[in-house]
Amino acid sequence: MSCVDVHQHILSLLGMSNPVILDIGCNDGTDTAHFLTLCPQAQLYCFEPDPRAIARFKKKLGPNLDKVKLLEIAISERNGTIDFHPSNADGDAKEWDLSGSIRRPKNHLTEYDWVRFDRPFSVETRRLDDWCSEAGLNTVDFIWMDVQGAEADVIAGGVQTLSNTRFIYTEYSDRELYEGQLSLQAILDLLPSFEVAAHYPREVEGDVLLKNTQF
């Protein structure tokens, strides 16, 4: 299933023309742009702390940038600042920023040894519950979460918000690519009202769509 097919499938499950979507770890806006194309009336809030990805996001969205809200912060379990570990590479993958995380890399260093992590730098971070309260969002239809091993941080700072979220899409790995990364079962244990609605296989593990059974 292609990325566009995944997006279409999720939007069909939402069954609405103007869903509230949070793109947490939006990187260069590829997924944001897909959602905006497929669902032009969506209310899109995008979070990204890496300056390189932010610059590419703004370039990719171009004239559509005013149709989304870009927050240049990381979502975590606390408000303030946190170390961000930027990824990089050489050769054909130069400026590889898709593996950066607020979690320190662990098995990623050996399993993807072509990726390196440069010196960490400080980024602003917000708790999801606090940000949503300030934004006046009482219900979230869908969260697209691509946070490179920091799922526990998002969940810890967003208990109330997640209880009022209909669907969550997230990557997972049972190999602890980043220090303290949760397995799929551990994610489900922290989200007791959610069940697996769909798997999107990749080479080893995959991505998963979770549905809130309270809705």
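Mentor: E134 and R126 form a salt bridge in which the closest N and O atoms are 2.5 Å apart; the term denotes a side-chain nitrogen of Lys or Arg within 4 Å of a carboxyl oxygen of Asp or Glu. The model is predicted, so local features need pLDDT of at least 70 and side-chain atom pairs count only at pLDDT 80 or more, whereas totals for chains, interfaces and linings use all residues. Residues are numbered from 1 along each chain as its sequence is written, and side-chain values use heavy atoms, with hydrogens and water left out.

Within this pair, E134 is exposed, at 61% relative accessible area, while R126 is buried, at 14%. Buried here means under 20% relative accessible area, exposed over 50%, and partly exposed in between (1.4 Å probe, protein chains only).

By the salt-bridge rule, the count comes to 16. One of the contacts joins E176 to K106, at 2.9 Å from N to O. E176 lies in the loop between β10 (165–172) and α8 (184–190), and K106 in the loop between β6 (87–88) and α4 (108–111), so this pair ties together parts 70 residues apart in sequence. Such helices (H or I, at least four residues) and strands (E, at least two) are DSSP runs numbered from the N terminus. E176 is partly exposed at 26%, as is K106 at 37%.

R175 forms a salt bridge with E111, at 2.2 Å from N to O. This pair also links distant parts of the chain, 64 residues apart: R175 is in the loop between β10 and α8, and E111 in helix α4. R175, at 21%, is partly exposed, and so is E111, at 36%.

Finally, salt bridges link D28, R56 and D97 in a network.
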